[in-house]
Structures are given as C-alpha cells and as structure tokens.
Amino acid sequence: MKAWRRVCLAGLVAPLAVAVQAQQAADTPPRQPAKIFYAPKPIQPAPYMAPMQPLVRLADLKAKHKGEVNWNELVVYDKNNRAEVTSAAPGSKVPRQLHSDAPEYWVVLEGRIRFEIEDPPGQFQIFEAAKGDLVLAPERHLYSLEVIGTEPAIRLAVTLPDTTVIYETRPEHPEKGMEYVPVTLSTGNNPDEVPSDGRPDRLFFNIDELQKEHPGRRSWSELVVRKNRAHANIICGYAADVKQTPGDLGHYHTDFAEIWTIMRGQQSFVIEGLKPFVASEGDVVYAPAKRWHLPEPTGEGMSCRLAMTPYPAGNHLYQPR
C-alpha cells in the first residue's frame, strides 16, 4: 500500500512541478539584451607612470636586494592605492598603530608574520600568517605585526595613497619636521560606510581553509576587502577549465587601475599594448585605467590571484556580445 501511494503521489507531483515551472517561466519577463553605451577610450593605451610597472617579479626584487635582509620597494602609488613590498628580519616589529580613514591589508609572500588586530575595539585577535595568507586591519582599528621564526619575511602591504599613521604610544624618533602630539580620536562609522549585512569583518584568510568553504568547486572567488575605497577578491581556478573566447579582450575600468598579486600557482595576463606574460607567486601586476586586461589561471594545479580595486562596486566595461 505504501509503495502504491508513493507511485500515485509521484504521478501527481511530477505534472504539478511541470505546471509550476511553466507558470514561473510565464511570469518571468524576457531577459533584455545589455544596453550599449559609448565610452571614451584613448587611441594609445594609457601610459604607466612611475613607480608602476606592468609586472614586478618578486624574484627580481630579491635579486636587487641580494645580501640585504631589511628592504622596502614601493610598487604602486596612484590616486587610489599605495602598495609596498617589504622584507624584514626575524624579530622585526611594527608597533601598534592605525589609519583613521583607511583600511590596510597584507599578503604574506614569504616567511611567517604574527599580526595583532584590534577587533572588536579594545580587544585584539592574533593571527600567525604564512606564505599566501591575507590579513586585514579595518580603518580605525589598531594593529601591530612581528616577523616570527628564523627566516626573514616578505609582505605586500596595500592601503590608500596618502593616509597618515597614528600611533598608540609616542614614537621615540619623529620624522623630520614632525612632532607627535596627544589627541583623542572619534571612531564612529563614516556616513557612507559600505553595508556589511551586519556581519563583522573577517580579518584572516587562508586559501586551504577557503577551499573547504567551497566544497566540490574547482573555480571560486571570495570577497576579502569591501570598504569605501578598498576592494579585493581572491579568485581561484584551474587552467584546464578556462574556456577561451577568440577576440576576448577581458574588461577595463574608466577611472581606476587594477592591481593583482599571485597568491598561488601562476596566472597569465593579457594587457592592452603589452605582450602576454605569466606571473608567479609573489609577483605584482598592474593595469592602468582604460586598458583592456584579461587575467586567467595557467600552469598545473590550482591558481589563485588577489584582484584589487579601490571601489566596492566599481565599473567594469566589456565588449558587446
């Protein structure tokens, strides 16, 4: 009897499901084709302004500073971003400090670094980050870091171009022409704070742990920074899954550049006006505003890049299909 009931119910449910789907399809308005706009585009690609380069290889920076342990290289300084690659000896420390109106985030390129991030206010979380990990310090949150282990550590730090560092304790050696004065700091939200759906900021990102959050998926992305003037996604995938489209230029942005660093494996880049190239772990890639660009995974195994732009929902311009 029970089996008979299941058969009868299945016979009723299947036509009902089809009817519901048909009604839903009827109720759904037809998809409209994308509206075509006309955007100004330089005939000659926008130039690279120093210190920006299409590709900064970590291996080249290490060779340039061969024999040095502590060094720093400014690799991006434009109207929206400042990015620096820093090498520091074991035991090196950055004291507690904050940016009043700018987040800062780091990708560990080599070695191990212990980060201390204030979150929630007055309490600190500690993260031990290794190669390929990302750590975020939101604006108005104190942070500090220390290189741990026996090897130097190299990190990529990204923040706004002209932010000011504010210290928890008075530094002993002020910059030339500067003095440190005691102040209080209002730490309310900006009026245009980017909505977070009520969820607290996630401060630490490890690719292996993120992969577990996307079970069964070979290609995935994870939003890691979404602030008023800072936005970053980790994008992972396999070269074998890339579907090539002849003539595809990718996309470009009218008013801002895009930056990438390779967190795992290799990525190929096609940037307007340049020969295609491949970037490896720790390399930094830069595409100026108004230049077509198309990054894709390449090589064997999973490949991950961190894509960085200054706006949480910035414009992307594509070729009409």
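Good morning, colleagues. Please keep in mind throughout that the model before you is predicted.

I begin with the disulfide. The structure holds 1 disulfide. The partners are Cys236 and Cys304, whose sulfur atoms are 2.1 Å apart. The angle about the S-S bond is 115°, and the link between Cys236 and Cys304 is right-handed.

Which parts of the chain does this pair tie together? Cys236 belongs to strand E14, which covers residues 230-237, while Cys304 belongs to strand E21, which covers residues 303-309. The bond therefore ties together parts that lie 68 residues apart in sequence.

Are the two cysteines buried or exposed? Cys236 has a relative accessible area of 4%, and because buried means under 20%, Cys236 counts as buried. For Cys304 the relative accessible area is 0%, so Cys304 is buried as well.

I turn now to Leu160. Where is this residue placed? Leu160 sits in the loop between strand E10, residues 153-159, and strand E11, residues 165-167. Although Leu160 is in a loop, it is buried, with a relative accessible area of 8%.

Which residues does Leu160 touch, leaving aside those up to four places away in sequence? The contacts are Asn80, Asn81, Arg82, Asp101, Ala102, Pro103 and Arg229. Leu160 and Asp101 are 59 residues apart along the chain, and their C-alpha atoms are separated by 9.0 Å.

To close, I return to the two topics: the disulfide joins Cys236 to Cys304, and Leu160 is a buried residue in the loop between strands E10 and E11. Thank you for your attention.

Note on methods
Residues numbered from 1 in each chain as written. Predicted model: local features only at pLDDT ≥ 70, side-chain atom pairs only at ≥ 80, totals over all residues. Heavy atoms only, no water. Disulfide = S-S within 2.5 Å. Helix = DSSP H or I, 4+ residues; strand = E, 2+ residues; numbered from the N terminus. Buried < 20%, exposed > 50% of the residue type's maximum accessible area, 1.4 Å probe, protein only. Contact = heavy atoms within 4.5 Å.
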